[in-house]
Amino acid sequence: MDLTPFLATADKGTHEEGLESIDIPGRVAVAAKGRFLLRAMCRTFGGYSRITCAVTDQEACLEYLAAEGDDPYQLLVCTDYLESGNGFDLVREARQLHPKLHAVILALGDAIPAECSEAPWLEAVVAEADFVDDQQPLQAAVMAVLGGHSYRSPSLRTGILPYLSCPRLTPREYEVLDLLASGLSDREIAKRLVVSDETAHTYTKRLLQTLSVHNRLQAVLKGMRCGMVKI
């Protein structure tokens, strides 16, 4: 899936993190597994003006990076699992192609492959468990790599995953979580459930409160960890 052509007219929705406050002078590439993760990770940047690659597979991302022209890519953010390919392989090949490119991996598998753990091309990795537990780990990782530093989120440094509390959801909350995981915005959820935009926003807000998370991306990732939803 290539979402890049639609970013200019996409509904930006609610920002998921504070990455829009970080100065990224070069272009940004995003690669993630599935429509929801791709849209949600793009939203972490607030505006989409610097994102000129938003795809779900390794080869398509490498094609965008290879055609960077006079305006080079400065940052690649991707998940370890992709619809086609692997995030660790993507970062390795991308940084061989562009040594000055910085890269951050969101590890949905909460682990770094043994053969990659000490690789010089691997700058920053955020475990999914830490993303669910912490409000802004991607922001910390991006700031680290742009400053010339490496980064590993807490559980990857200690080997201890944070405690996971899985609350009981109402049938409506399950329905909303499933729609979020399908990549729908509040406006799209409103149309699907035949309710007002305000009501759909209230549903999403209540779901976040029930799950004790800060944003939609964390909600879906926690739902995945608790076995409530799949993407």
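Where does Val194 lie? Select Val194 to find out: this residue sits in the loop that joins helix 8 (186-193) to helix 9 (197-211).

Before moving on, a word about what is on screen. This is a predicted model, in which local features need pLDDT of at least 70 and side-chain atom pairs count only at pLDDT 80 or more, while totals for chains, interfaces and linings use all residues. Residues are numbered from 1 along each chain as its sequence is written, and side-chain values use heavy atoms, with hydrogens and water left out. Helices (H or I, at least four residues) and strands (E, at least two) are DSSP runs, numbered from the N terminus.

**Stop 1**

Most residues other than glycine have a negative phi. Val194 counts as exposed, at 71% relative accessibility. Exposed means over 50% relative accessible area, buried under 20%, and partly exposed in between (1.4 Å probe, protein chains only).

Now select Asp110, in the loop between strand 4 (102-107) and strand 5 (124-127). Its phi is also positive, near 60°, but Asp110 is buried, with a relative accessible area of 17%.

**Stop 2**

Six of them form an open sheet with parallel pairing, in the order 2-1-3-4-5-6. Strand 2 (51-55) and strand 6 (151-152) are at the edges with a single partner strand each, so one side of each has no neighbour in the sheet. Two strands pair if DSSP finds at least two bridges between them; strand 3 and strand 4 have five, in the parallel sense. To see one, select Leu75 and its bridge partner in strand 4, His102.

**Stop 1: helix 3**

Select residues 87-97, which make up helix 3. Gly87, Phe88, Leu90, Val91, Ala94 and Arg95 are buried here.

**Stop 2: a helix crossing**

Finish with helix 7 (residues 171-181) and helix 10 (residues 216-225), whose axes come within 10 Å and cross at roughly 110°. Where do they meet? Leu177, Leu180 and Ala181 in helix 7 meet Arg216, Ala219, Val220 and Gly223 in helix 10.

Key:
Axes fitted to C-alpha atoms, helices over the stretch in contact; angles between N-to-C directions. Contact = heavy atoms within 4.5 Å.
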